[in-house]
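Thanks for coming. Please look at the screen while I go through one structure, part by part.

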Amino acid sequence: MNSYQEVIAYLYARLPMFTRDGSSAYKKDLTNTIKFCEALGHPQETFKTVHIAGTNGKGSSSHMLAAVLQQAGYKTGLYTSPHLLDFRERIRLNGAMVDEQFVIDFVSTHFALIEEIQPSFFEVTVAMAFDFFAKQEVDIAIIEVGLGGRLDSTNIIQPLVSLITNIGMDHMNMLGNTIEEITFEKAGIIKAHTPVVISEYNPKTAPIFEKRAQALQSPLTYASKALSVTIRSTETAYLTLEVQPAKGGMQTVDLDLKGTYQAKNISGVLCTIEQLRNQGFTISQAQVSAALRQVQHLTGLQGRWQTYATDPFIICDTGHNEDGIQEVLKNLAATKFTNLLIVIGAMRDKDLSHMLPLLPKDAQYFFCSPDMPRAMPAEELAQEALTFGLQGQAFPTVKEAIDGAIKEYKKGDLIFVGGSNFVVSELLAMEK
């Protein structure tokens with residue numbers, strides 16, 4: 001394999017891939033990752049990390065933290081998933097995607113090992129990220145959990161801080177059917193004698209977090225108790241937040257990620273920064289403020305309540321579970337428009353009975369099927385949506401659905417595109 005395209009085609013075709021194959025690609029143990037990283041010389045042990053899990057918000061929180069550390073002058077690695085347009089989005093150094101040549105060399109060098117171990121797509125990308133960060137001698141890397149926590153491939157690191165953003169109902173077929181079961185899996189990233197920050201206090205999940213933290217003698221902070229966050233404005237280019245610490249001393253934060261749900265994430269991010277300061281990192285308040293005003297520029301983050309176009313007015317968001325959809329609805333309620341046109345697609349393994357009842361019945365729907373084997377056919381999605389009073393047309397592709405919405409669009413309307421990462425990624429891939 002001599003080209004980047006050949007290597008990516010091999011990884012996609014040869015390895016089990018959750019985004020394509022669903023739960024069959026989810027390996028419920030760390031054996032492959034441990035074996036792979038042993039062969040690489042344990043690269044994950046050579047650099048400092050922050051580990052981030054959660055049902056929603058972990059991607060935004062990861063990018064915010066990476067932006068702050070970059071702005072503070074630290075050589076910062078960032079590992080996230082899934083990608084939207086380019087595989088290399090998963091592995092970044094100071095915001096720049098990993099070089100194509102590194103991906104080619106990694107797969108070519110370790111081809112025999114990959115064939116021997118038979119890892120999943122995700123297991124290979126985790127090992128690749130750790131190897132890249134070690135070779136680049138990063139000062140710190142922000143590592144986002146892929147799925148769950150306890151048995152996620154990333155969970156072989158010993159972080160400086162663990163951050164868990166929130167707990168919601170998602171991936172129940174793999175993580176459990178109750179909030180308590182899902183919390184147990186997420187709490188699996190808590191390490192002995194290592195500070196853990198929980199972004200949102202929830203009386204249902206708190207006992208599980210506290211039991212594990214106490215057993216491992218890990219200091220636990222509930223960010224939502226330590227900091228009170230109020231949305232002051234959404235009218236400018238920024239989401240303006242007022243942050244009030246429990247001990248006093250209010251600060252104002254301008255964030256270029258405009259989804260109002262970021263008000264929940266910011267407290268966890270700020271508390272994690274404080275934990276890093278306690279461990280010797282020099283991060284000024286001016287650097288925090290400057291970074292949060294340009295997270296997208298510094299890190300390349302896309303798809304979080306993102307304005308794709310202004311004429312026609314198109315906003316997209318990757319929220320794709322019950323809690324994510326509820327946050328999308330809050331943002332829609334705060335947005336001015338005449339008529340709402342929703343382009344939506346979903347995966348077959350999503351529990352739509354928790355999502356579809358939340359969606360507005362007065363919107364016009366354009367159901368679609370992303371170009372992904374796991375995708376639910378648009379006609380099937382339209383039929384299920386109809387049982388909840390949601391009416392619209394079914395289109396075989398995302399592009400056709402978006403074109404259909406644009407055809408119906410009138411000045412003053414809003415086209416919202418979402419329901420799945422893959423719907424958003426196909427929108428972002430289209431030429432404006």
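How much space lies in the second largest pocket? About 460 Å³. Before going on, two notes on how to read this. The model is predicted, so to speak of local features a pLDDT of at least 70 is needed, side-chain atom pairs count only at pLDDT 80 or more, and totals for chains, interfaces and linings use all residues. Residues are numbered from 1 along each chain as its sequence is written, and side-chain values use heavy atoms, with hydrogens and water left out.

Now the terms for that pocket. On a 1 Å grid over the protein atoms alone, a pocket is an open set of points with protein on both sides within 12 Å along at least five of seven lines, while a cavity is a set of points where a 1.4 Å probe fits but cannot get out; lining residues have an atom within 4 Å of a point. Grid points are joined across faces, edges and corners, and the volume is the space filled by probe spheres set on the points.

The second largest pocket has 18 lining residues. Thr234, Lys258, Trp305, Thr307 and Ile315 are the ones nearest its centre. Strand S12 (306-310) and strand S13 (313-316) are the elements that give two or more residues to this lining. Helices (H or I, at least four residues) and strands (E, at least two) are DSSP runs, numbered from the N terminus.

S12 and S13 are also partners. They run antiparallel and are joined by four bridges; two strands count as paired if DSSP finds at least two bridges between them. Alanine 309 has isoleucine 314 in S13 as its bridge partner. The two strands form a hairpin, with two residues between them. S13 also pairs with S17, in the parallel sense, over three bridges. There, cysteine 316 stands opposite valine 417 of S17.

Which of the elements gives the most? H15 does, with four residues.

What does UniProt place at residues 303-420? The record, an unreviewed entry, has the feature "domain: Mur ligase C-terminal" there. UniProt positions are in the numbering used here, feature names are shortened, and annotations may be inferred rather than shown by experiment. The end C-alpha atoms of this span lie 10 Å apart, and the span is 31% helix and 22% strand.

Next, the sheet. Eight strands form an open sheet with mixed pairing, in the order S4-S3-S2-S5-S1-S6-S7-S8. The edge strands, S4 (96-97) and S8 (220-222), each pair on one side only. Inside that order, S1 (residues 48-53) and S6 (residues 161-164) run parallel, joined by four bridges. Histidine 51 has serine 162 in S6 as its bridge partner.

There is another hairpin to point out. S10 (residues 239-245) and S11 (residues 251-255) pair in the antiparallel sense over five bridges. Five residues lie between these two strands, and glycine 248 in the turn has a positive phi of about 95°. The bridge partner of glutamate 242 is threonine 252 in S11.

Last, the aromatic rings. The structure holds 15 aromatic pairs. Rings of Phe, Tyr and Trp (its six-membered ring) pair if their centres lie within 6.5 Å; planes under 30 degrees apart count as stacked, over 60 as edge-to-face and the rest as tilted. Phenylalanine 36 and phenylalanine 106 are stacked, because their ring centres lie 5.9 Å apart with the planes at 15°. Phenylalanine 36 is in helix H3 (residues 31-39) and phenylalanine 106 in helix H5 (residues 100-109), so this pair ties together parts that are 70 residues apart in sequence. Both are buried, meaning under 20% relative accessible area, where exposed is over 50% and partly exposed is in between (1.4 Å probe, protein chains only).

Phenylalanine 106 also stacks with phenylalanine 102, because those ring centres are 6.3 Å apart and the planes are at 25°. Phenylalanine 102 and phenylalanine 106 both lie in H5, four residues apart, about one turn of the helix. One aromatic cluster is formed by Phe36, Phe47, Phe102, Phe106, Phe130, Phe132 and Phe133. That is where I stop.
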